[in-house]
Amino acid sequence: MHNLRSYTVPLHRYVAMMDLQERNERLFYKLLIDNVEELLPVVYTPVVGEACQKYGSIYRRPQGLYISLKDKGKVLEVLKNWPERSIQVIVVTDGERILGLGDLGCQGMGIPVGKLSLYTALGGVRPSACLPITIDVGTNNETLLNDEYYIGLRQRRATGEEYHELLQEFMNAVKQNYGEKVLVQFEDFANHNAFDLLAKYSKSHLVFNDDIQGTASVVLAGLLAALRMIGGGLVDQTYLFLGAGEAGTGIAELIALEMSKHTELPVDDCRKKIWLVDSKVGRSSHLRTSSKI
């Protein structure tokens, strides 16, 4: 800790922690567990955001598994290259919406790596049971496409059928290789894919989207705790959101569902208590469904 505290630049602390994780994993987690408040912002937000932006420049060695469009048709074979066999949790991203920083492409790997370190440090899941994965389908970030140190595919993002075929192959390969009980956490996918992927695979796989579901559960818990102080119920309030990203719409939908559960009102009626204001142009609308405004 004395050595870490000697760094004045947060990114240097991040690099030092990642080097330690590679060199002495047991010490890395001992340090993180004993100094959670101080080191959590280093291994995850906010410092991990800067790390992802500069990932090509600070890249030492691969910390997770990369699956790209060029692996199409052999995704299962790529998964089998990972040395650990008993995987319980996979955190996967395609890097299109990293934190609030936008499309960082393949450099978004810092997010699955950081999130899984929390699974271990705070959740007690053994590190060998965690697998960080980045699906590399290109990037629309012009700065990265022109960056000589960018580590991913230098092409515009794949969309439509090409994108969904790769994701379908990936999800099938995960189940085939690790079984039905492996948890797949979708992390930092763009809105237009996040809700679709969650809806599509929730019927056939054990899936979770932290941005949509995890954030929503924490905010709902906060609201319920606040109501104990001020009185009344969820249905007695009106809710206003600035923006309608994954987190915002996920929170709004869970509030509506909880409202409906306790009042027996139709969910559509509960949604009318919730307003979402467009963060770009100031328009507003009621929440209508879990994925659209």
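Accessible areas were computed by the Shrake-Rupley method with a 1.4 Å probe. On this basis the protein chain exposes about 14,700 Å². Carbon and sulfur atoms supply 52% of that area. The model is predicted, so local features need pLDDT of at least 70, side-chain atom pairs count only at pLDDT 80 or more, and totals for chains, interfaces and linings use all residues. Residues are numbered from 1 along each chain as its sequence is written.

The secondary structure of the protein chain comes to 14 helices and 8 strands (DSSP runs numbered from the N terminus: helices, H or I, of at least four residues; strands, E, of at least two). The radius of gyration, taken over C-alpha atoms, is 20 Å. Along the principal axes, the C-alpha trace spans about 55 × 50 × 40 Å. Buried residues (under 20% relative accessible area, 1.4 Å probe, protein chains only) make up 48% of the 293 residues. Of the contacts (heavy atoms within 4.5 Å) with a separation of 6 or more, 66% join residues 24 or more positions apart.

The largest pocket has a volume of about 450 Å³. Of its 20 lining residues, Gln21, Glu25, Gln63, Trp82 and Pro127 are the closest to the centre. A pocket here is an open set of points on a 1 Å grid where a 1.4 Å probe fits, with protein on both sides within 12 Å along at least five of seven lines; lining residues have an atom within 4 Å of a point. The volume is the space filled by probe spheres set on the points. Helix H8 (110-123) is among the elements that supply at least two lining residues, and H8 gives the most, with 4.

Key:
Heavy atoms only, no water. Rg over C-alpha atoms; globule rule 2.2 N^0.38 Å. Buried < 20%, exposed > 50% of the residue type's maximum accessible area, 1.4 Å probe, protein only.
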